[in-house]
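Please load the model in the viewer and keep a selection tool at hand. The stops below are meant to be visited in order.

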Amino acid sequence: MDVTNTRAALPTPRIPLAFDGALSYDDVVGTTELNVIVEVGPWTDFSDGDTLEILWSATAEIVATYSASQADANTIVKVPVPTRIIKRIADATAPGTYTVDVVARVNNILGHSIDSLPVSILVKLTVPGGVDLTPTPPDVNENLPLAIVMPSTIAPVTPSATVEIKFYENRAAGDAITVRWNTAGNDVRYGPLTQAEATGTASIFVPVGRNIIDAGGVGDALKITYQIYDVVNNWSLWSLPASVAVTDPNSFPAPEVPEAVGGSLPGDALGATLRVPASAGLQTGDSVTAYFGISTLGTKPATGGVALDFPISAALIQANQGQTVACQYTVLRNGTSTPSDSLALIIETAPPSEWDEEYNFDQDRVRYVNPGGFLYFPEARGTMNVQFDPDTAHAPAERLGVEVYPFAAGGEFAGNDLYIGYPPGIENKNTVFINFDQSWDRVRFAVTSASREVTISFKDADLNVLGSIHRIDPGDVQRQTLIVHDDGGLGRIRHAEIRSLEVIRLDSFKFRSKR
């Protein structure tokens with residue numbers, strides 16, 4: 001007699017972890033549990049000698065068995081399925097995501113079987129942005145690209161902003177992005193992503209309304225970050241923060257000094273310009289007075305929508321060597337004087353007393369290393385070493401090296417330079433650490449050959465990011481960009497992290513210790 005004709009219907013199995021119909025990375029991989037429990041029952045017809053099997057995947061693979069008996073009748077039988085098997089099936093599926101029908105089957109001692117109806121489960125073990133392998137800082141995934149905020153300075157009349165999210169690892173349809181504008185809870189949600197948005201490598205652009213901008217406050221370096229949850233609630237963690245300047249609506253924007261590089265002006269400069277930008281919101285009839293520290297640069301009448309320039313003499317610059325000077329202006333309108341935001345301008349001390357140590361690679365021999373290797377400068381050691389980030393996958397052919405490159409005369413580059421990436425003309429997508437042999441208070445170096453975005457962060461001995469991240473925006477490949485990072489007298493700069501998408505070149509490192 002066929003027992004399948006006399007036994008009660010076998011209930012559909014249940015997976016408590018998949019109450020929402022899905023299993024995530026944390027359920028299967030990011031857990032100390034070795035099994036996922038599948039529950040079967042209550043069922044009235046369990047008998048001595050029965051074997052309960054759990055079938056998984058399209059091929060009905062038996063992933064777990066349980067020897068049942070009469071005592072299991074009218075109870076819930078819990079069958080452990082090893083997580084390693086679930087992961088193995090995911091690893092064989094590109095891109096590690098699959099939907100599985102889970103079926104319970106009971107075989108009796110006569111060889112007859114009865115199957116339950118299936119329960120369909122989505123298994124997704126890929127995490128948006130990739131799995132973060134760096135425990136510090138917590139809840140931050142350095143794999144996520146930095147957000148790009150447009151415009152980078154937001155005036156009171158700016159109606160909105162846009163946050164660009166570049167392509168991130170494991171981007172998929174259904175991803176929900178949350179952009180956080182400076183303060184917890186001041187969030188903009190975007191998504192879920194459509195299949196068209198998830199396909200390819202094009203950026204995602206998240207609009208930010210003026211209400212969100214206003215709720216985030218004002219300042220020169222507001223923090224903008226984002227997170228992603230996918231369809232099974234795999235969490236990307238938060239990105240490192242990008243920064244944006246939001247001008248106080250009750251003040252005027254800070255002036256500009258076009259000759260300054262990285263917020264610094266050489267102490268032996270032959271002159272400079274304090275510029276009130278055309279976007280400052282001046283009105284015809286306003287009277288503008290400019291200040292360089294405690295010195296007045298003069299007063300000029302304003303014309304709406306037109307920039308105002310005030311010359312800064314070489315003598316005034318030289319008199320403020322080694323100082324941080326507040327550059328500002330006031331606007332007299334209808335009898336009321338209103339100050340602008342302030343620009344903190346570092347006036348460098350003219351060499352040779354400005355820097356404690358300099359390094360330009362001209363005494364180094366031409367050489368290179370691939371991922372996994374170190375370059376020491378000098379080779380006898382004593383200044384710094386350079387390596388590819390060991391936690392980031394790099395093509396084996398990538399290089400860090402010393403070369404002689406035919407630069408045009410002038411500028412920071414001559415003789416040898418340090419290059420990152422190989423070969424040129426392709427997307428290299430490198431992350432490189434520069435480890436200084438001691439902690440410094442101020443570090444500067446020059447970068448060239450960058451036609452695509454480059455980001456540079458400085459860190460202390462515990463790899464905590466110090467201050468704002470420097471960004472070189474896309475532009476002319478022949479330009480030279482001076483990177484200057486000042487720790488404000490704390491002397492904590494021990495590492496630099498450089499992320500680039502192509503071959504770039506570095507030269508003219510200079511260091512100053514805590515004074």
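This is a predicted model: local features need pLDDT of at least 70, side-chain atom pairs count only at pLDDT 80 or more; totals for chains, interfaces and linings use all residues.

**The open sheet.** Select the six strands that form an open sheet, ordered β28-β29-β32-β37-β34-β35 with antiparallel pairing. At the edges stand β28 (374–377) and β35 (470–472); each has a single partner strand, so one side of each lacks a neighbour in the sheet. From one strand to the next, the twist averages 15°.

**The β34–β35 pair.** Next, select residues 454–459, which make up β34; this strand pairs with β35 in the antiparallel sense over three bridges. Highlight T455, whose bridge partner in β35 is R471.

**E497 and K459.** Display these two side chains, which meet in a salt bridge (2.6 Å, N to O). E497 belongs to strand β37 (residues 493–500) and K459 to strand β34, so that the pair links distant parts of the chain, 38 residues apart. Both E497 and K459 are buried.

**D115 and R105.** Move to another salt bridge, in which the side chains of D115 and R105 meet (2.6 Å, N to O). Because D115 lies in strand β7 (residues 113–115) and R105 in strand β6 (residues 97–107), the pair ties together parts that are 10 residues apart in sequence. D115 is partly exposed at 39% relative accessible area, and R105 is also partly exposed, at 25%.

**R492 and D487.** R492 is partly exposed at 35% relative accessible area, whereas D487 is buried at 7%.

**A network.** Finally, select E348, R442, D486 and R512, which salt bridges link in a network. The structure holds 22 salt bridges.

Methods. Residues are numbered from 1 along each chain as its sequence is written. Side-chain values use heavy atoms; hydrogens and water are left out. Two strands pair if DSSP finds at least two bridges between them. Helices (H or I, at least four residues) and strands (E, at least two) are DSSP runs, numbered from the N terminus. Axes are lines fitted to C-alpha atoms, for helices over the stretch in contact, and angles run from 0 to 180 degrees between N-to-C directions. A salt bridge is a side-chain nitrogen of Lys or Arg within 4 Å of a carboxyl oxygen of Asp or Glu. Buried means under 20% relative accessible area, exposed over 50%, partly exposed in between (1.4 Å probe, protein chains only).
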